[in-house]
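Please keep the structure in view while reading.

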Amino acid sequence: IMGSNAAENHPISFKYVTEAQQKGAKLISVDPRFTRTSSRADIYAPMRSGTDIAILGGMIKYIIDNKLYNREYVAAYTNAAFIVGKAFKFKDGLFSGYNKKTKKYDKSKWAFEMDAKGVPKMDRSLKHPRCVFQLLKKHFSRYKIDLVAEISGTPKADLLKIYETYGA
């Protein structure tokens, strides 16, 4: 639970969290405040307000680096195998297609590469450098644990414990 005090604000729903904990589930609370939810958590980690994305980016990197995802499912049932067109880029914090005047993106620059029949091209091996999986991996490669700890204010040991527990 990230940035939410579910125990206090949603007590009826939170009873199911408690029941899951009694059956062995682990509750992780990542929040700038130590709340009632945090007090019930197996793991509590403080964070700076507004740094959720850094923590989640680090988690994505950890899961990919340690192969803690279901590769067969990802390749067959998500868009991870789809090949993105050559116009797609990420540079200086912006994706391709950004218009400075309108402050909006032309999302056609993010389109999948199509075959002659108009069907998106795929690489189920997930090795093509422009498949969604490889682009995701590249994008989150910068979310190294030390950087995430610096941005979020969450101790490195806490982040690793969260990532290991969640990844398990």
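The protein has a radius of gyration of 19 Å, whereas a compact globule of 168 residues would have one near 15 Å. This radius is taken over C-alpha atoms, and the globule rule is 2.2 Å times the number of residues to the power 0.38. The model is predicted: local features need pLDDT of at least 70, side-chain atom pairs count only at pLDDT 80 or more, and totals for chains, interfaces and linings use all residues. Residues are numbered from 1 along each chain as its sequence is written, and side-chain values use heavy atoms, with hydrogens and water left out.

**Overall form**

Along the principal axes, the C-alpha atoms fill a box of roughly 55 × 40 × 30 Å. The protein has eight helices and six strands; these are DSSP runs, numbered from the N terminus, with helices (H or I) of at least four residues and strands (E) of at least two. Their order from the N terminus is α-α-β-α-β-α-α-β-β-β-β-α-α-α.

Buried residues make up 33% of the 168 residues. Here, buried means under 20% relative accessible area, exposed means over 50%, and partly exposed lies in between (1.4 Å probe, protein chains only). Of the contacts with a separation of 6 or more, 60% are between residues 24 or more positions apart; a contact means heavy atoms within 4.5 Å.

**Salt bridges**

Side chains of opposite charge can pair when their charged atoms come close. A salt bridge is counted when a side-chain nitrogen of Lys or Arg lies within 4 Å of a carboxyl oxygen of Asp or Glu. The whole structure contains six salt bridges, and the table lists three of them.

| Pair | N to O distance | Relative accessible areas |
|---|---|---|
| Arg36 and Glu8 | 3.6 Å | Arg36 43%, Glu8 44% |
| Arg33 and Asp31 | 3.0 Å | Arg33 43%, Asp31 0% |
| Asp65 and Lys61 | 2.5 Å | Asp65 43%, Lys61 18% |

The side chains of Arg36 and Glu8 meet in a salt bridge. Arg36 belongs to helix α3 (residues 36-40) and Glu8 to helix α1 (residues 6-9), so this pair ties together parts that are 28 residues apart in sequence. In the bridge between Arg33 and Asp31, Arg33 is partly exposed, while Asp31 is buried.

Asp65 and Lys61 are four residues apart in helix α4 (residues 52-65), and therefore about one helical turn separates them. Asp65 is partly exposed, whereas Lys61 is buried. Leaving aside residues up to four places away in sequence, Lys61 touches Phe140, Ser141, Tyr143 and Lys144. Elsewhere, a network of salt bridges links Glu113, Lys121 and Arg130.

**Aromatic pairs**

A pair of aromatic rings is described by the distance of the centres and the angle of the planes. Rings of Phe, Tyr and Trp (its six-membered ring) pair if their centres lie within 6.5 Å; planes under 30 degrees apart count as stacked, over 60 as edge-to-face and the rest as tilted. The structure holds twelve such pairs. One of them joins Phe34 and Tyr44 edge-to-face, with 5.0 Å centre to centre and 90° between the planes. This pair links distant parts of the chain, ten residues apart: Phe34 is in the loop between β1 (28-30) and α3, and Tyr44 is in strand β2 (residues 43-45). Phe34 is exposed at 56% relative accessibility, while Tyr44 is partly exposed at 23%.
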